[in-house]
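Hi everyone, thanks for coming.

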Amino acid sequence: MSAPHAATESTPHADRRGATAMLALGALGVVFGDIGTSPLYALKECFSGAHGAPLTEGNLLGVLSLLFWALALVVSTKYVAFVMRADNDGEGGILALLALVQRLTADRPRFAYVLAILGVFGATLFYGDAIITPAISVLSAVEGVGVLAPGLSHYVVPITVGVLAGLFFIQRHGTARVGALFGPLTLVWFATLGTLGAIGVAGNLSVLAALNPAYGVAFLAGHSGLAFVVLGAVVLAVTGTEALYADMGHFGVGPIRLGWFAVVWPALTLNYFGQGALLLADPAAVQNPFYLLAPAGLRPALVALATAATIIASQAVISGAFSLTQQAIRLGYLPRLRIRHTSAAERGQIYIPAINWMLLIGVLLLVLGFRSSSGLAAAYGIAVTGAMLVDSLLIAVVMVFAWRWPKPLVGALLAAFLVIDLGFLGANAVKVVSGGWLPLSIALALFTGLTTWRRGRQILGARLQAETLGLDEFLRTLRPDITRVPGTAVFMTGNAAWAPSALVQNLVHNKVLHQRVVLVTMQTAESPWVHAARRVQVQPLEHGFWVVRVHYGFMQQPHIPRALELCAAQGLDLDAEDTTFFLGRETIIPTRLPGMALWREYLFAWMMRNAGAAAEFFRLPSARVVELGSQIDI
């Protein structure tokens, strides 16, 4: 009789293990797609190109040792063991980390400002990476066509362009239908990586000596100048590491760690070492050791599988760019952009047309300009290492202010992280002239835009506040004989302490007020999610005025009509058919008033003109929206 009882008790544990395994399977395609396609080009670039090392046994074992320990120290230790502990209510990623750090340092405004600058620049580096990753991944996979039939090499670029264009064109339809295949297909990819690598290692077990870090240290010490440059190619093995942290909110820490330690890390290690064994036996295979590791009869299938894997990796990066953009909008670093939800079931399935087309143009220009994965490798890495450096600095702040770890321990860990990060960053600095300038230019341009928008909104808010009445004063001076018309007027405002300009203009020009006036201000929390029970706060005022404060997390999409329905429980019952929404639309007039440089004011004015419609952003019914414009000098 005890066996059924034991089986019943074990069921919840089995269910949890099964759920974790399924989430880990899903994470393979989304989280590990980028880092999982690095074997296509990482080892090859260490021994080819203008900065490649001579292919000798000692150099090969040294480079393999550096590849293995880069994965061990950067991914397994820094990100999996430390960075992934710093979740912001379950969410990860550099902007979520920045929001957490700003909350922790709110009482130190100058320090918080410096950290904000660092965090925003780290976020903009991601966009440079997001343009290069699809280009180098798909291009390196399609280059297998040239291995199969050298006479077809001139078709590599056109095929790559076609694959990438198709990928971006289907974004508006969402990826929910094919997304279910990403995990299983990526599992097949990693199984193939591990199997090919194991076969290669079995042919020359001496390559396993590179697991000893002494070989990596000897390579660095014996070839200091050359080794420093080769580190710029070694870092290609850890590109995509940020995704482990950024996608925590979708899959959770446990499944991501399970996927890394049980599948991804072993498969990557075996494949790199298998390629190394091949190069020891046949140095001529350095032209493309990944494809030449496979038997000739299997290479056509491997090209197809690699292309599918790089498409999945590219999709993960594109989705990450959409998610990061949504966070930046909600945190006030970008103007409103049109965001479409492509799935009714998955809240993270979004599509941002402006970002999609900008990425497509950038990716195609890279493919057509560099024309090979080796050419793109010269541009790849500096954005990744820059973002890793920012992560190290921000996580140290979390260790001190949130985890309360001893400062000497934090200092020692930060020093260790910085040695690695600065080593990789310095090695990639030599790539600036040959292509690294591109992601840096993209990051600097976006950084300028994000900080200009943030500062411009602050100046605009101060100008509006200076030109309008405080709400208390407005209510005190409100004439009792003013004409009141039936219905409810809802005015969106950034600060409920001040009378919205649209309210004042409506009163001045139309000489009327509605029977009930509701001022709605939306506040974005520094946490990703706000529960519906804490969505609204209702405050009744005199003269039929109400103030409603609506709270959303930075990962949530606002829906003001739905939020207003929650007000009924707090005494404010609104009839949707009898409610009119009033929005203010400001036209910016750049001047030489103190605030920003004139060119930044013109940039801010352009961003304001091209911002998405507020009615669409707040999900307001278009037939019940009235916009009132004004001109503001800044």
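Let's start with α9, which gives the most to the lining of the second largest cavity, with 3 residues. Helices here are DSSP runs (H or I, at least four residues; strands are E, at least two), numbered from the N terminus. A cavity is a set of points on a 1 Å grid over the protein atoms alone where a 1.4 Å probe fits but cannot get out, and lining residues have an atom within 4 Å of a point.

This is a predicted model, where local features need pLDDT of at least 70, side-chain atom pairs count only at 80 or more, and totals for chains, interfaces and linings use all residues. Residues are numbered from 1 along each chain as its sequence is written, and side-chain values use heavy atoms, without hydrogens and water.

Back to our cavity: its volume is about 40 Å³, meaning the space filled by probe spheres set on the points, with grid points joined across faces, edges and corners. Lining it are F32, G33, G36, T37, T186, W189, F190, A309 and I312. Two or more residues each come from α2 (33-36), α9 (176-202) and α16 (299-330).

And what about the largest cavity? That one holds about 140 Å³ of space. Its lining has 16 residues, with F126, D129, E242, V384 and A387 nearest the centre. Here α6 (109-142) and α19 (382-401) are the elements giving two or more residues, and α19 gives the most, with 5.

Terms used
On a 1 Å grid over the protein atoms alone, a cavity is a set of points where a 1.4 Å probe fits but cannot get out, and a pocket is an open set with protein on both sides within 12 Å along at least five of seven lines; lining residues have an atom within 4 Å of a point.
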